[in-house]
Number of protein chains: 2
Amino acid sequence: MIIDCHGHYTTAPKQLATFRQQQMAGLKDKSLRPKSLDLGIADAEIRASLEGAQLKFQRERGTDVTIFSPRAAGMEHHVGDEETGALWARVCNDLIARVCGLYPKNFIGVCQLPQVPGVSPKNCVAELERCVKELGFVGCNLNPDPSGGYWKDPPLTDKYWYPIYEKMVELDMPAMVHVSSSCNPAFHATGAHYINGDTTAFMQFITADLFKDFPTLKFIIPHGGGAVPYHWGRYRGLAQDLKRPPLAEHLMKNVFFDTCVYHYPGIELLTKVISIDNILFASEMVGAVKGIDPETGHHFDDTKRYIDQLAALSTENRTKLFEGNARRVYGRLDAVLKQRGLN
Amino acid sequence: MIIDCHGHYTTAPKQLATFRQQQMAGLKDKSLRPKSLDLGIADAEIRASLEGAQLKFQRERGTDVTIFSPRAAGMEHHVGDEETGALWARVCNDLIARVCGLYPKNFIGVCQLPQVPGVSPKNCVAELERCVKELGFVGCNLNPDPSGGYWKDPPLTDKYWYPIYEKMVELDMPAMVHVSSSCNPAFHATGAHYINGDTTAFMQFITADLFKDFPTLKFIIPHGGGAVPYHWGRYRGLAQDLKRPPLAEHLMKNVFFDTCVYHYPGIELLTKVISIDNILFASEMVGAVKGIDPETGHHFDDTKRYIDQLAALSTENRTKLFEGNARRVYGRLDAVLKQRGLN
């Protein structure tokens with residue numbers, strides 16, 4: 001089985017955007033708020049939104065199941081207030097649950113959290129619990145910068161974040177560290193803010209002892225780990241200069257990278273430098289880069305192709321990367337797959 | 001000749017730090033300001049600060065000339081005011097000029113600019129001119145985020161920056177895009193802020209047409225280009241999605257990467273993915289990572305070793321990478337080398 005651990009519902013029916021527009025209008029004039037949490041989306045519309053996109057690519061590329069979450073750029077934790085954020089996360093997550101209900105063999109849910117800059121992530125615990133217990137989700141996306149490019153919240157290693165970590169550990173839910181859109185004109189979202197978020201989180205983990213406090217807490221750093229594998233010598237060297245333990249021991253039981261790197265040499269470096277046990281297959285489709293690479297004639301984000309070209313990857317390691325590691329990192333995944341008749 | 005285009009005076013005699021402490025004290029109590037711009041550093045102290053560090057490594061590693069600038073983390077554009085910033089840049093640059101005077105065959109100067117968050121970089125023009133005309137420098141370090149991790153100034157492609165670009169072009173001076181220390185607790189300086197600064201700048205260049213306005217303007221993006229070469233497919237794909245010209249045509253006559261990547265697989269990827277014409281040898285020594293890699297028994301930042309291991313690098317490309325590209329990008333370098341009897 002080939003499990004893609006990083007897919008977003010970037011093609012949701014337009015009613016979702018309308019709901020959000022009403023929320024934004026409602027911030028100024030309460031009478032304009034959405035009247036209902038029912039978006040009025042028919043099953044056929046959901047099917048249509050996926051058939052020509054995510055499902056088509058699954059079939060064409062030969063991948064099986066996508067761990068699927070709301071559009072990352074759409075989370076917009078920096079916009080609105082606690083109330084709009086809570087309802088927005090709820091409707092986005094409910095829509096993912098409908099996708100998983102319609103296509104139980106193709107999609108497994110991961111949730112958006114109702115984070116708000118400067119508000120304790122305690123406010124996310126109830127939604128996380130609902131998404132596991134009522135919707136059958138297996139993980140969450142955690143935004144290390146809810147301020148959207150101004151980085152106003154404490155580092156991920158700060159006790160500020162512990163309430164959500166305690167619940168993640170209790171529920172056996174990993175988090176993908178994933179920023180949302182950027183309201184800082186310095187940062188292009190998918191070209192700078194996303195990658196910087198990944199790099200920043202990894203360095204935060206190096207400098208602290210978070211995993212002494214939470215030995216079973218797990219994070220996936222997407223987009224191939226940001227800049228980290230390319231600068232692996234720098235990070236090993238910095239850890240050493242800072243008198244931290246070797247990275248394998250200090251972080252790599254808890255931190256994993258996905259394969260959203262859109263050219264063969266990048267994937268080659270990732271799999272050469274980082275232990276295969278720490279790499280989870282992913283494509284981010286349909287996502288950041290939508291086009292076809294004129295150098296190869298294939299989609300940039302068809303990351304399976306790059307991995308298939310790795311002559312040095314043994315069958316055992318291939319299975320880990322495509323399936324085994326995801327089953328290990330997402331502690332609830334095995335049970336959900338079994339429940340759906342996927343073994 | 002082997003030219004290292006990225007070295008900082010991280011080992012300056014302690015009088016430099018004392019001057020800075022007096023500046024900081026003087027912000028609260030004017031009577032505590034430094035009494036003089038003469039730091040009272042003897043030539044012998046400068047020699048001692050370099051002999052066991054930068055000069056020792058040049059000899060041991062077989063490199064010849066270092067393009068040398070004040071300590072990047074020490075620039076601290078986010079600290080103090082316009083007056084302290086101007087004097088701080090001046091004394092730091094004067095000290096680099098003394099280093100170059102004492103070791104004309106080993107060091108060529110690059111200057112710190114007196115940038116201040118929110119203040120037009122017009123204020124840097126006079127110091128840039130002084131450093132070229134009086135001190136014989138060949139380039140400058142330009143901080144894309146003088147706020148030190150809060151990214152409050154406009155993107156590098158904004159007309160805000162044009163006054164300094166006009167002077168750079170007039171003087172034939174490239175800039176290394178280099179942030180300073182971070183006052184944002186989210187960002188470790190050398191592990192996150194530096195690399196993010198590099199990635200961010202490159203993406204800013206993609207989204208605009210800066211090099212239509214300044215066809216001869218040149219930037220070196222240090223630390224191997226941040227995350228960019230590892231994610232080269234992503235950047236090519238984003239440029240295409242954004243209807244930008246191919247990167248080779250859009251940016252790569254103006255943007256160059258250094259080789260400050262501290263392990264062999266990273267250097268291998270860099271030289272495989274990026275045209276050799278766009279890569280300048282550098283080690284950042286004595287800098288971000290000081291230790292010895294237990295996996296190789298050599299310093300992490302001995303980047304020449306990694307390049308020497310590249311079997312695929314032709315003699316012609318090797319010469320470009322170690323020397324020719326630097327002579328091309330730093331337009332004034334040839335003349336300065338000749339003046340010093342180095343050809």
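How much area do chain B and chain A bury between them, and what share of it is on carbon and sulfur atoms?

Modeller: Happy to! Please keep in mind that this is a predicted model. The size of an interface is often given as the accessible area lost when the parts come together. Here, chain B and chain A bury about 4,500 Å² between them, and 56% of that area lies on carbon and sulfur atoms. On chain B's side, B:Tyr230, B:Arg234 and B:Arg236 stand out: they supply 19% of the area that chain B buries against chain A, more than any other three residues. In terms of residues, 57 from chain B and 57 from chain A take part in the contact.

Let's turn to the polar side of the interface. The rule finds 8 salt bridges across it. One of them pairs A:Arg234 with B:Glu284, where the closest N and O atoms are 3.2 Å apart. There are also 30 residue pairs in polar contact between chain B and chain A, with both residues at pLDDT 80 or more.

Which elements build the side of chain B that touches chain A? Helices α8 (189–207), α10 (232–241) and α12 (264–273), along with strand β9 (292–293), each supply at least two residues to it. The most comes from α8(B), which gives 11 residues.

Now for the symmetry. Two copies of a chain are related by a rotation about an axis and a shift along it.

How does the symmetry show up in the contact itself? Of the interface residues of chain B, 100% are also interface residues in chain A, so the copies meet through the same surface. To put the picture together: the contact takes 57 residues from each of chain B and chain A, with 8 salt bridges and 30 residue pairs in polar contact across it.

Note on methods. Residues numbered from 1 in each chain as written. Chains lettered and ligands numbered in written order. Predicted model: local features only at pLDDT ≥ 70, side-chain atom pairs only at ≥ 80, totals over all residues. Heavy atoms only, no water. Contact = heavy atoms within 4.5 Å. Buried area = accessible area lost by both parts, 1.4 Å probe. Salt bridge = Lys/Arg side-chain N within 4 Å of Asp/Glu carboxyl O. Polar contact = N/O pair within 3.5 Å; in protein donor to acceptor, adjacent residues only side chain to side chain. Helix = DSSP H or I, 4+ residues; strand = E, 2+ residues; numbered from the N terminus.
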